[in-house]
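Please look through the following briefing with the sequence and the 3D view open side by side. It moves from sheets to helices, and then to backbone details and record annotations.

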Amino acid sequence: MEQSNKAHRKTKEKNTAKKKLHTQGHNAKAFAVSAPGKMARQMQRSSDVNERKLHVPMVDRTPDDDPPPVIVAVVGPPGTGKTTLIKSLIRRMTKTTLNDINGPITVVSGKHRRLTFIECPADDLNSMVDVAKIADLVLLLIDGNFGFEMETMEFLNIAQTHGMPRVLGVTTHLDLFRSQSTLRTSKKRLKHRFWTEVYQGAKLFYLSGVINGRYPDREILNLSRFISVMKFRPLKWRNEHPYLLADRITDLTHPEKIEREGKQIDRKVALYGYLHGTALPSISGTKVHIAGVGDFPISQVEKLPDPCPTPGYQQKLDDYEREKMKEEGSTSVTPKRRKRLDDKDKLIYAPMSDVGGILMDKDAVYINVGKKNEDESFVPGQERGEGEKLVTSLQLAEKSIAENFEGVGIQLFSNGTELHSVEPEEDEFVEEEEQVEGSNKGRANMRKPKVYGKSIQEDDDDIDLDAIPSDDENEDVEDDSEPRMEEIDFGDNNKSTNTAETDSEFELSDNDDNWETDVANKLQANKTKRRRKWDIGKLIYMNNIEPEDCIKRWKGEDEEDESDDEGESDIEKDEQEFFTKKTGVMDQNKETFNDLEKFVPYFEKIEKLVEKWKSLDSINDRFIGASMKSKTEDAEGDSNEDEVFGDFEDLEDENQEEENQDEVEDDEGEQSDDSFTNFDKEEKKDLTMDEERELNAAKKEKYRKQFEIEEGENFKEDDPDNEFDTWYELQKAKMAKQLEINKTELDDMTPEQRQKIEGYKAGSYVRIVFDDVPMEFIENFDARFPIIMGGLLPTELKFGIIKGRLRRHRWHKKILKTNDPLVVSLGWRRFQTLPIYTTTDSRTRTRMLKYTPEHTFCNASFYGPLCSPNTPFCGVQIVANSDTGGGFRIAATGVIEELDVDTEIVKKLKLIGYPYKIFKNTAFIKDMFSSAMEVARFEGAQIKTVSGIRGEIKRALSKPDGHFRATFEDKVLMSDTVILRSWYPVRIKRFYNPVTSLLLEKKTEWKGVRLTGKIRADLNIETPTNPDSAYKKVERVERHFNGLKIPKAIQKDLPFKSQIHQMKPQKKKTYMAKRAVVMGGEEKKARAFMQKVLTISRAKDEKRKSKKADQRKERLKRLAKTEEAKLEKEKEKKKEYFAKNGKKRSSTTEDSRGSKRR
Amino acid sequence: MSSNKKSPYVTFQGSQNFRLRIVLSTLSGKPIKIEKIRSTDLNPGLKDFEISFLRLMESVTNGSQIEISYTGTTVIYRPGIIVGGSHTHNCPPSKPVGYFVEPLLYLAPFSKKKFSIVLRGITSSHHDAGVEAIKWGLLPILEKFGVRECALHTLKRGSPPLGGGEVHLVVDTLIAQPITIHELERPMISAIKGVSYSTRVSPSLVNRMIDGAKKVLKNVGCQVNITADVWRGENSGKSPGWGITLIGETKKGWCYFAEAIGDSGAIPEEVGEMVAYHLLEEIESSGAIGRTQLPLAITFMVIGKEDIGRLRIAKAEIDERFVVLLRDIKKIFGTEVLLKEVNDGSDHSDDYIVTVKGNGFTNANKKIA
């Protein structure tokens, strides 16, 4: 058979790059700028695009290593499939199927990324507000059949005011569309609507129907990929505050206390969660806000082992382990680096949803025993199996083991007495404490996990403990805290000695815990020389030591070493200088301590100074000129100088600094060599070319540095040709540098120092304990509603008047009324307050407005916890679900402009009076005031008549009380009205009512102060109306003024021009008046005819008009009828449709929880 | 600490560091209570200048509440909002204007309105900051922290005891946060300048002081430039007096200074010499900044951004004042500083680096737009 080959394919005419260049008929490169206008436009365009990409440079304070999990909030109206989506995503990421979603769920989604999913309860505005404040990414669920619903819009608007998080739209229920074309059009419509809400080109996902209770795997896979590569921009508020989304809470109150004092007592509550934002300060007593509960001081923070560590972090731990192994000499294999997540790395942590039924805590392990619907297990007498029996028997034990042995002594000899243990007294206190603690501990020391970053209890007791003198000191102990000589001994790497000498603080915790400390110590070993000394850093903060003592002790290393036992041998040491010096120091101490206010610092006596400063050698290197001089003295720049200038390299750069250190060391080595400079000089001729070059380079570098020193900072700061093209880049670089400095500095510190300086950094899993939390928080706890703890800055703890710019939301139906309660969400807080809306009258005064203007900003002032300017806020009138109609609830949005302790707001008050006696320019005015006292208050006030004559209040009249004399610039009329325009101060009501929705049993039903309208409606009060304020038709009486009468005497003297020309009344009849006209003949006939014709035509017109009106009426009636029929038909249609398709909605309105398990 | 957890005040005892405590409280917004002010003294309670200072604080803030106990030994201060504005303050004759200007420098950059305060009284004294010391010694430090437009104008000089001087403090820069600074080196001094001034005495005294100072400083190897400033007529206050202030300037903007005034009977040359020696001493015992500038710098570092700032100080600068300062800062702000020894192998290896993480303070008083 003939072999059949594929026919030869001819090479295609390839469009090579070269050919492309010549498409225009000439070499495009040769005429690069062929169209300058076009090119300019292109450049303009590209720079526009680039410029639009820029954002205000902001520092991102999220730590690079081990960042906190990304909070993904799933938001949407009820029944849009939030739970299903979370379940599908969790299933996809961790291969776990969750039955019940309660509270935040943290999963590992990548090597360095974790996600915390929270479901935002659809029917709670409060939760929506809270979630919007903390979510990094919002999955906005939209029912494809219904489009955007009120909740969605509300959420978007809330999110916008609190710093827009990333929003991903997810459209569900798309399988319900029957025809493809409607699906397509509705998709498109949704997309565009979404774009207008979020931004042009925002991503909108489409999920089709549910399979096996989950969304299709392929679609979920895409979504999860999208999520896991998403980047986030730092948001201002979150970049300035620490916050935490509690994924677990426990009530630590002693159960006995509850039993004894009743359920009503305040509880001790622990919140658990990952820290986000900035570092949480480690000072106990720091106030934080728990949204929906209130402000509480932190009584204790503790860093716990990460329950859901990322593989990247695990790797770090492993690396550390391996290092350690290597040090010990054993070899280990480096594990293979994987590209994909291992199954064992796909962790899930959802304590509220209890995954897997086991839950571990610092001091307890909770085991979920069976389901509720199964019969009870662990019932004594009905055990099923060996294990249960064991447990129940444990429960049966009446006495603890210790109690069992109580009273049992040891008989050493058969005839001897029983020896009983004697309690060591000093332990008593500790044990007591342990007992108290132990009662709510469950099993103590069950787990010894590795902790990254030691958990330090920030109690002052701790510091005291730490300050208890170690055994080698036998000084008197004042108080119970006395600083301890810290022995820094890092010479050997022997672990046992290390642990023995670490702080007692460390000894409190497990040895395994502080590997980090070990490492830090080891790291420091190279730096610190072996010596015994007081640590000034600790001494400074020991409040029980007087400052002078503190300094003395610290300096003691050189002074008091010798004079340790002052009593005996001191005087023999007759070093006069030493002695005087010491007294000098003492004097100084006394003096300065008595008068620390003194500005001038302590100086030695003048004679001493003269002696000391005979030569300026000790500070020669501080003067530029002097060092130059000394430099010129040296023929060759020898290494001594190198040392002087060696450290003037780029100082900011840490790495370089380290290098510097090395360099310096090298230099020292060199120095010893260089003591033979002369030899060098002789040998110089023998240098090779390279060596000479090196030498020259070194010299050049030295000169450069010299130049830099002399030029100072200016050299770098205002350098126009620095490496950064734009200001933006420069700022970015500066920030990056600062961050780097932060990192290196913090890494250099020991863990406890770091804790003190930095606090608990974001990404650490902490347990925060609060005392005195209202019992309702625990009793009415519902995992469905997120618990958010936000840190507060010092300003946010103060209360005062907040002035902001505010605008009624255009979708809110009503304008807002001054002093009507408004629930404001500002910062972490939600609170009800009574705002006063104001405007400024050309910046001279702040005038109250009764209502917000329709479509423009006004100012609002309200009382509440302060928040720094530029913080946006939003307000709603009602948060309770039962009180809301279907309308858009966000009533106003705004931004804080200014804070103050009080503010001056006025409202206009017009007092009116009437003149009752008028002299020339003076008039007596009545009805303005009711007493002479009131008049006295306004003496000298400017008044004005309606007609515009200005005047002044002079004096109260004695007789009719409240009447007064006033002068005007002209004579006023009796009919005029006098107006006194005054400004009446308006007080802002100091009303602050935090929305404590989480304390309620029905969390969605928080009701605060009612709106004015609501109160009126409830109490059946009519809205008060001032009849004067009602708009009426203005009826003006025609006024007649008498003519001007000028006395003859005056008239006579007036110049001709000003003479009044008045015609005398005519006496004779005019010609026209005299004549009488009589019509006759033709004219009369014509007139009569015309009159008839006109009458007929008028009558006809009338008839026609009335007929037309009738017809019109008929027509309208007909139209109305058809309209009605149409409506009826439509209604029927709708009814039919919703009966078929809208079952879901009706069910959700009845019971939103019911829809969860659809 | 734990005992006064419930108490709404941060409590201090004694009269020491009075101004700084009030200033820190105002910056942090935390109310403080100072107890036992000279309680064992024959003349217990607040002194007239302290009362005057509290008045000044009241006028530059809005909503501050000051409660002074009957005996004057206890003060409760609830800070309001720093507003600034234009004020005139008459200082009591017991303290010079420098006593009042110094604390104002801490507050001025963080106020609502610009500071423009005229202070009347004595302009120089033995124990408190003189006008030149503030102008050339403290304002440059402010400048390093980003407060560029600040000035202290001497309208009239007034020597003790009668005074009659007048100074005008103008701070036009309102910043949200001080700049985070890093100074890891002892800066090099590029020039020494100074002012030698006199009121109502012979101008020759001024020149004699200059001579005395120059004699000491001739060997330092850099430029020494001392200005003579002789005040005559009605602007020279009510009493005769004279003094000298020397400043060591660096290219980087840091500076060191020393000052003194002459008593009647003192020899001008000796005063000049003494101040020169003090300057040398100050230079020797300072890292990047002098002892008198330290509180200002540390405070500004503490209230900076949430970044780490570093400052090199000499061992001699760690004294009681420093300890008291840090303790007060910790009490009010809760911020601790870290002292780290410098091991760069240079001559001054007993220097320390003060590492401070700013507490994220922002000037919330300023109005936007």
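In what order do the 4 strands of the open sheet that includes S1 of chain B follow one another? The order is S1-S2-S5-S4 in chain B, and the pairing within this open sheet is mixed, where two strands are said to pair if DSSP finds at least two bridges between them. The model is a predicted one, in which local features need pLDDT of at least 70 and side-chain atom pairs count only at pLDDT 80 or more, while totals for chains, interfaces and linings use all residues. Residues are numbered from 1 along each chain as its sequence is written, and chains are lettered from A and ligands numbered from 1 in the order in which they are written. Helices (H or I, at least four residues) and strands (E, at least two) are DSSP runs, numbered from the N terminus.

**The sheet with S1 of chain B**

- The edge strands are S1 (10–13) and S4 (65–68) of chain B, each of which pairs on one side only.
- Neighbouring strands of this sheet are turned against each other by 15 degrees on average, with direction ignored; axes are lines fitted to C-alpha atoms, for helices over the stretch in contact, and angles run from 0 to 180 degrees between N-to-C directions.
- Within the sheet, S2 (residues 32–35) and S5 (residues 75–78) of chain B pair in the antiparallel sense over 3 bridges, and Ile34(B) stands opposite Val75(B) of S5(B).
- Helix H1 (residues 18–28) of chain B packs on this sheet and touches S1, S2 and S5 of chain B, its direction making about 165 degrees with that of S2(B); residues count as in contact if their C-beta atoms, placed from the backbone, lie within 7 Å.

**The sheet with S13 of chain B**

- Another open sheet of 4 strands in chain B has the order S13-S12-S14-S15, with mixed pairing.
- S13 (223–231) and S15 (255–262) of chain B stand at the edges with a single partner strand each, so one side of each has no neighbour in the sheet.
- From one strand to the next, the twist of this sheet averages 15 degrees.
- S12 (residues 189–199) and S14 (residues 241–250) of chain B pair in the antiparallel sense over 10 bridges, and Ser198(B) has Trp242(B) as its bridge partner in S14(B).
- Two helices lie across strands of this sheet: H4(B) lies across S12, S14 and S15 of chain B at about 165 degrees to S15(B), while H5 (residues 203–217) of chain B lies across S12, S13 and S14 at about 165 degrees to S13(B).

**Helix pairs in chain B**

- The axes of H3 (residues 97–107) and H4 (residues 131–144) of chain B come within 11 Å and cross at roughly 5 degrees.
- H3(B) and H4(B) are therefore roughly parallel to each other, given that angles under 35 degrees count as roughly parallel, over 145 as roughly antiparallel, 65 to 115 as roughly perpendicular and the rest as oblique.
- Residues making this contact include Val101(B) and Leu105(B) of H3(B), together with Ile134(B) and Leu138(B) of H4(B).
- The axes of H7 (residues 294–302) and H8 (residues 320–333) of chain B also come within 11 Å, and they cross at roughly 25 degrees, which makes H7(B) roughly parallel to H8(B).
- Among the residues that make the contact are Ile298(B) of H7(B) and Phe322(B) of H8(B).

**Strands in chain A**

- S30 (residues 942–945) and S31 (residues 950–956) of chain A run antiparallel and are joined by 3 bridges, one pair of bridge partners being Gln942(A) and Glu952(A).
- S30(A) and S31(A) form a hairpin with 4 residues between them, and Gly948(A) in the turn has a positive phi of about 100 degrees.
- S31(A) also pairs with S32 (residues 964–968) of chain A in the antiparallel sense over 5 bridges.

**Backbone details**

- Most residues other than glycine have a negative phi, and most peptide bonds are trans.
- Asn819(A) has a positive phi of about 65 degrees although it is not a glycine.
- The peptide bond from Pro160(B) to Pro161(B) is cis, with omega near 5 degrees.

**Annotation from the record**

- UniProt, in an unreviewed entry, places "domain: Bms1-type G" at residues 68–233 of chain A; UniProt positions are given in the numbering used here, feature names are shortened, and annotations may be inferred rather than shown by experiment.
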